[in-house]
Amino acid sequence: MVQINMSAREITVKVVYYGPALSGKTTNLQQLHALIDPAARGKMVALDTTDDRTLYFDFLPIHFDTASGFAVKIKLFTVPGQVMHKSTRKVVLAGADAVAFVADSQRSAAAANAYSWRDMEANLRSNGIDFARIPKVVQFNKRDLPDVKPLDEIRAAWKDVPTFPGVAMRGEGVLETFRELLRLLYRSLDAKHSFALKFGLSEDKFLEGVFKHVAREGR
Ligand SMILES: Nc1nc2c(ncn2[C@@H]2O[C@H](COP(=O)(O)OP(=O)(O)O)[C@@H](O)[C@H]2O)c(=O)[nH]1
Ligand SMILES: [Mg+2]
């Protein structure tokens, strides 16, 4: 749930990267960390076990100031994808304002993707979040690998949710995914809290707040 603190002039939103184990969620955050100017982001906290899998979650804070003098803080989280970490995923999803679902494009990962998507839906609902309405995008990652689901098949199957191909390891699709999610997030916040009216913050200014700090846009 977005936190709006009028006296501190602070707006805090929460964005969660969700998906099956090893789909590339942590890699997406690492790439964002690398691409965003340190002036607009904090340290990335990555909690990895020795086998390189996320133990609890990763965290990356992004921030910018609006012309009207509000500090906007965007907190990015990833969930651990392993089936056994179900309760952690539910906790991380609590209060989420938007979700990026990172799928593994390999055909062999189809069942894991589907399981994770249903798991996300159930965890959002049990946190009292409206699954149909929360801003969401899907990244089909690992396009560099053989035997991936073709993009036209993906686009035909996903009509209501924006999808993006990605090779997160090389930074491809990372910014596109994040930008569209922020755009949808802005629209949902503006509809609920009149961001333009109350904070003088337009959609363009909201996106610019983050993307003017991106080193190499349009990769
Ligand atoms: N081939 C390939 N590997 C990737 C890609 N993105 C991430 N990986 C690798 O997949 C593994 C799991 O990535 P990670 O981000 O830790 O997945 P997470 O479990 O979803 O956080 C790591 O070895 C990454 O380097 C990609 O686009 N292509
Ligand atoms: Mg991870």
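The chain holds seven helices and eight strands, where helices (H or I, at least four residues) and strands (E, at least two) are DSSP runs numbered from the N terminus. This is a predicted model, in which local features need pLDDT of at least 70 and side-chain atom pairs count only at pLDDT 80 or more, while totals for chains, interfaces and linings use all residues. Residues are numbered from 1 along each chain as its sequence is written, and chains are lettered from A and ligands numbered from 1 in the order in which they are written.

**Overall dimensions and burial**

- For 219 residues, a compact globule would have a radius of gyration near 17 Å, and the chain agrees with that at 17 Å; the radius is taken over C-alpha atoms, and the globule rule is 2.2 Å times the number of residues to the power 0.38.
- Taken along the principal axes, the box filled by the C-alpha atoms of the chain is roughly 50 × 40 × 40 Å.
- Among the 219 residues, 38% count as buried, a label that requires 20 or more other C-beta atoms within 10 Å of the residue's own, whereas 12 or fewer make a residue exposed and values in between make it partly exposed, with C-beta atoms placed from the backbone.
- Of the contacts in the chain with a separation of 6 or more, 68% come from residues 24 or more positions apart, a contact being a pair of residues whose C-beta atoms, placed from the backbone, lie within 7 Å.

**The shell around ligand 1**

- Ligand 1 has 20 residues around it, of which G24, K25, T26, T27 and M169 come nearest; a residue is near a molecule if its C-beta atom, placed from the backbone, lies within 6 Å of it.
- Helix α1 (residues 25-35) supplies the largest share of this shell, with three residues.
- Sorted by class, the shell comprises seven nonpolar, nine polar and four charged residues, where Ala, Val, Leu, Ile, Met, Phe, Trp, Tyr, Cys and Pro count as nonpolar, Asp, Glu, Lys and Arg as charged, and the others, Gly among them, as polar.

**Helix α1 and its packing against α5**

- Helix α1 is mostly covered, with eight of its eleven residues buried, namely K25, T26, T27, N28, L29, Q30, Q31 and L32.
- The axes of α1 and helix α5 (residues 174-193) are 10 Å apart and meet at an angle of about 90 degrees, which makes α1 roughly perpendicular to α5, a term that covers 65 to 115 degrees.
- In this packing, N28, Q31, L32 and L35 of α1 make the contact with V174, L175 and F178 of α5, and these residues divide into five nonpolar, two polar and no charged.

**Individual loop residues**

- S23, found in the loop between β2 (10-18) and α1, counts as buried because it has 29 C-beta neighbours inside 10 Å.
- Leaving aside residues up to four places away in sequence, S23 touches G81, V102, A103, D104 and N141; S23 and A168 are 145 residues apart in sequence and 9.4 Å apart in space, C-alpha to C-alpha.
- K142, in the loop between β7 (136-141) and α4 (151-157), is a residue other than glycine with a positive phi, near 65 degrees, and K142 is buried, with 22 other C-beta atoms within 10 Å.
- S194, in the loop between α5 and α6 (195-199), is not a glycine but has a positive phi of about 45 degrees, and S194 is exposed, with 11 other C-beta atoms within 10 Å.

Terms used: Two residues are in contact if their C-beta atoms, placed from the backbone, lie within 7 Å. Axes are lines fitted to C-alpha atoms, for helices over the stretch in contact, and angles run from 0 to 180 degrees between N-to-C directions. Angles under 35 degrees count as roughly parallel, over 145 as roughly antiparallel, 65 to 115 as roughly perpendicular and the rest as oblique.
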